[in-house]
Amino acid sequence: MKNCLKSSLLAVFVLPTLLNFYDGRAIAQSAIDEDKLNTVNGMPWAGGGLPFSKLVNIQDTLVNSALGKVVIDAHGEDPLSSLIKSPFNGPRPGRFVVVSLWGSKIEGCFAKIVVQTAPSNGQATLDEIAPTTIELGIDGQILQLTPTPNSKVRGFSSKYTYTEYENNQNVSYNNTWYMSDTSFAINADAANILRKAPAKEVRARLTFANGDTKVFPIGKGTVKHWQEAYGFNSACTAPSQP
C-alpha cells in the first residue's frame, strides 16, 4: 500500500508561557546553518531533513562561523497501522512524533521539544500537545526541566491528504495534524547532569498542560553526544560584555 501525502502551509496559534567556551576538540559529524533550526514557522513532519543522533556544529548561515553544537533525536509511534508502521514518513491518522533538540550555543544552553500528532478525528487543542514539564531518568535520578521563563509555546496546525486502499482502489481522505514547539530552560547544573549521562537509552516523560503524560525513549545515539553538545558552553552563560 502506497501512501500519498501532501501538507498545506502551517497555521499558527500562540499561547504565552531555546560561557566558558569549549575549545571544539570534539569532532562534529555534521554541520547545520543556524537558520535551519529556527522553528518560528513550524517544522516539517518528523523534522524532515534534520541530521538525527549526530553531533552537529551549529554555524552562522552567512559566514559559516561556529555558534554551538547540537544533537537531535526523534521518536515516532504509529499505533493504527498494523501492516506498515512508518511514523516518520508523513502525517496519517494515529501517528505521533517527538523531535528533541539538545545543545549549547555562544549565548547559553537549550533544549527544545517539538510534539507532532495526527489525531484520528482531526482535532486537538494546544493544552493536549503543549508540554509543561519534561522528566528524564538519568543514572538513577530524575532531572525535571520546565519551559524557559517568558518564552512562548507555539502551536501549529496543517491540513494533509492520505489514501486508503478500499474496494480495490485508492481512496483519498483529508485530515489535520498539529504541532507544539516548547523551549526548556537548561542551566549549568542541568547541563552537567546531561553531560555525565551514561551512553544508553534514556526514558523521558512529558506532562502536558491538560495533565496527560507521554513516556518515550531518547536513543543511545543521542545521549552519548550530550557531553559534547553541552560542552561547547558548559557554563550555559553568554560571554561577559566589555
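## Confidence in the model

pLDDT is the predictor's confidence in each residue, on a scale from 0 to 100. What you have here is a predicted model, and its average pLDDT is 87, with 85% of the residues scoring at least 70.

Where pLDDT is low, the predicted coordinates should not be read in detail.

## The nonpolar cores

Let's turn to the interior. In soluble globular proteins, nonpolar side chains tend to be buried together. The largest nonpolar core in this model has 37 residues, and the members touching the most others are Trp-102, Ile-134, Leu-136, Ile-186 and Trp-226.

Setting aside residues up to four places away in sequence, Trp-226 touches Val-71, Trp-102, Ile-138, Leu-194, Arg-195, Ala-197, Val-202, Ile-218 and Gly-231. There is also a second, separate core of 22 residues, and among its members are Met-43, Ala-46, Val-56 and Tyr-160.

## The disulfide

For anyone planning to look at the cysteines, a search of the whole structure turns up one disulfide. Its partners are Cys-109 and Cys-236, with 2.0 Å from S to S. The torsion about this S-S bond is about -85 degrees, so the disulfide is left-handed.

Cys-109 sits in strand 7 (residues 108–117), while Cys-236 belongs to the segment after helix 4 (226–231), so the pair ties together parts that are 127 residues apart in sequence. Both ends count as buried: Cys-109 has a relative accessible area of 12%, and Cys-236 has one of 14%.

## A hairpin and a helix

Strand 8 (residues 131–138) pairs with strand 9 (residues 141–145) in the antiparallel sense, over five bridges. Within this pairing, Leu-136 stands opposite Leu-143 of strand 9; Leu-136 is also one of the residues that touch the most other members of the largest core. Two residues lie between the strands of the hairpin, where Asp-139 takes a positive phi near 50 degrees.

Helix 2 (residues 188–195) has Ala-190, Ala-191 and Leu-194 as its buried residues. Around the axis they cover an arc of only 100 degrees, which puts them on the same side of helix 2. The elements covering these buried residues include strand 6 (96–105), strand 7, strand 8, strand 9 and helix 4.

## Two buried loop residues

His-225 is located in the loop between helix 3 (220–223) and helix 4. With a relative accessible area of 9%, His-225 is buried, because the cut-off for that term is under 20%. Apart from neighbours within four places in sequence, His-225 contacts Gln-29, Ser-53, Lys-54, Leu-55 and Val-71. Val-71 is also touched by Trp-226.

Leu-37 is in the loop between strand 3 (30–33) and strand 4 (56–59). Leu-37 counts as buried too, at 13% relative accessibility. Again leaving out neighbours within four places in sequence, its contacts are Ile-32, Leu-50, Ile-58, Val-70, Ile-72 and Leu-101. One of these pairs, Leu-37 and Val-70, is separated by 33 residues in sequence and by 9.9 Å in space, C-alpha to C-alpha.

Methods: Residues numbered from 1 in each chain as written. Predicted model: local features only at pLDDT ≥ 70, side-chain atom pairs only at ≥ 80, totals over all residues. Heavy atoms only, no water. Core = buried A, V, L, I, M, F, W, Y, C linked by side-chain atoms within 4.5 Å. Buried < 20%, exposed > 50% of the residue type's maximum accessible area, 1.4 Å probe, protein only. Contact = heavy atoms within 4.5 Å. Disulfide = S-S within 2.5 Å. Helix = DSSP H or I, 4+ residues; strand = E, 2+ residues; numbered from the N terminus. Pairing = 2+ DSSP bridges. Arc of directions from axis to C-beta.
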